[in-house]
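Q: Hi! I have a new model open and would like a friendly walk through it. Can we start with the terms and then go through the details?

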Amino acid sequence: MVRRTNFTRIIAACAFIFATAASAGPTVKTLRVDVLYWSMNIPGQVAMRKGLEQEAAAINRDADKKNQPRIELTPYIAGDGSAGIERQIAQMFEAVKRKPDIIIVQPTDNAALAAPLRAANQAGIPVVAYDQYISGGTLAAFVTSDNYQAGYLDGEYLAAHFPDSKELKLILVEYPHVSSTVERANGLLDALRDYRQPFRILKTYEAVEPNSGARAGAQMLRDFPATGSVDAVFSVNDGGGLNIVEALANAGRTEIVVASIDGDPKSVDNIRAKRLTHIDAAQFCGPLGAEAMKIAYALATGKKVAPHHLVPVFPITSETLQLYPGWGGPIPPRFAKPWQARVPYWEGTVRPAK
């Protein structure tokens with residue numbers, strides 16, 4: 001009789017365990033996301049990483065409440081220069097071998113990652129690129145600041161700043177290796193042409209991070225030592241542009257108007273102090289990284305997304321400083337541009353590219 005009672009208890013216990021497991025539902029999968037960052041020496045890119053990882057944490061908090069898939073991030077950092085490009089190629093091949101659910105990448109070079117992107121395509125791993133594009137292979141989605149808008153805003157401002165009859169003596173500080181910086185330069189030149197501002201490009205320099213910016217600034221002063229020999233300098237980003245401003249300011253070249261892009265806090269300080277920089281078309285770096293993470297999560301959970309998203313940029317000038325919330329956002333509502341423009345209002349909306 002005792003033995004039969006114990007057996008009955010065991011059966012009852014097993015039934016309870018099975019019932020509890022069934023009521024708990026199936027185990028929710030954790031999504032493995034490999035994230036390939038470019039540089040931790042360019043402050044804007046650090047802010048993008050922060051926005052991306054904050055969004056991942058927010059997604060996980062929401063997922064825990066709703067019993068939805070969580071995210072597990074595996075980060076890689078490429079680094080600067082040609083060594084960084086080569087390192088990121090190897091990192092992306094490594095990520096493909098790990099077979100994560102999705103890869104997010106900030107490319108160091110448009111063309112260099114074509115081979116690992118094609119490898120990801122063959123392995124069936126979706127890839128989301130942010131900030132830069134990859135030429136070759138197929139991206140599941142691409143998220144970037146509106147880089148053409150950034151250059152166009154700078155060019156529009158310069159055209160409003162100088163008389164229509166003046167031929168603008170212009171220096172370009174460019175970086176032709178990634179799509180974002182190429183689009184910025186194109187936007188600037190198109191704006192000058194659209195507004196019929198005569199200009200002559202005196203020389204171009206290549207700089208995108210502090211060391212190359214310092215070298216470009218020193219060379220610029222050697223090439224154009226006379227006051228008044230340069231009217232304006234356009235820099236495709238603050239990573240290189242800040243050291244150029246430093247070199248020019250230290251040499252007393254206060255007559256030069258600098259137009260830059262990114263919205264680095266030091267550049268904002270230069271605008272506030274009226275120190276060479278007149279306009280900086282600022283990225284919303286935090287929202288850009290967050291948008292990349294949102295889109296990657298949507299794709300990894302089977303949702304459809306637009307293939308290309310544009311995050312607006314903000315034209316910081318001495319007149320708009322009080323409206324600018326900083327890299328982390330939020331993106332402010334529209335406002336009237338404080339200079340003459342064919343489109344009089346700035347609109348701050350994330351939108352699919354046309």
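A: Happy to. Helices (H or I, at least four residues) and strands (E, at least two) are DSSP runs, numbered from the N terminus. This is a predicted model, so local features need pLDDT of at least 70 and side-chain atom pairs count only at pLDDT 80 or more, while totals for chains, interfaces and linings use all residues. Residues are numbered from 1 along each chain as its sequence is written, and side-chain values use heavy atoms, with hydrogens and water left out.

Q: Great. Which peptide bond is cis?
A: The one from glycine 329 to proline 330, with omega near 5 degrees. Proline 330 sits in the loop that links strand E12 (313–316) and strand E13 (335–336).

Q: What about the overall make-up: how many helices and strands does the protein chain have?
A: There are 10 helices and 15 strands. Along the principal axes, the C-alpha atoms fill a box of roughly 110 × 40 × 35 Å.

Q: And what share of the residues counts as buried?
A: Of the 354 residues, 51% do. Buried means under 20% relative accessible area, exposed over 50%, and partly exposed in between (1.4 Å probe, protein chains only).

Q: What part of the contacts is between residues 24 or more positions apart?
A: They account for 72% of the contacts with a separation of 6 or more. A contact here means heavy atoms within 4.5 Å.

Q: Switching to backbone angles: what is phi of arginine 196?
A: It is positive, about 55 degrees, although arginine 196 is not a glycine. This residue belongs to the loop between helix H6 (179–194) and strand E7 (199–206).

Q: Is arginine 196 buried or exposed?
A: Exposed, with a relative accessible area of 71%.

Q: Where is lysine 274?
A: In the loop between helix H9 (265–272) and strand E10 (277–283). Lysine 274 has a positive phi near 55 degrees and is a residue other than glycine. Its relative accessible area is 66%, so lysine 274 counts as exposed.

Q: Let's do helix packing. At what angle do the axes of H5 and H6 cross?
A: At roughly 35 degrees, and the axes of H5 (residues 147–161) and H6 come within 6 Å. Those axes are lines fitted to C-alpha atoms, for helices over the stretch in contact, with angles running from 0 to 180 degrees between N-to-C directions.

Q: Which residues make that contact?
A: On H5 they include Tyr148, Gly151, Tyr152 and Leu158, and on H6 they include Arg184, Leu188, Ala191 and Leu192.

Q: Now H4: which of its residues are buried?
A: In H4 (residues 114–123), Ala114, Pro116, Leu117, Ala119 and Ala120 are buried. The buried residues of H4 pack against helix H3 (81–98) and strand E4 (127–130).

Q: What follows H4?
A: Glycine 124, with a positive phi near 75 degrees.

Q: What does phenylalanine 224 touch?
A: Leaving out residues up to four places away in sequence, phenylalanine 224 touches Ile171, Leu202, Lys203, Tyr205, Ser229, Val230 and Arg253. Lysine 203 is 21 residues away along the chain, and the C-alpha atoms of the pair are separated by 9.9 Å.
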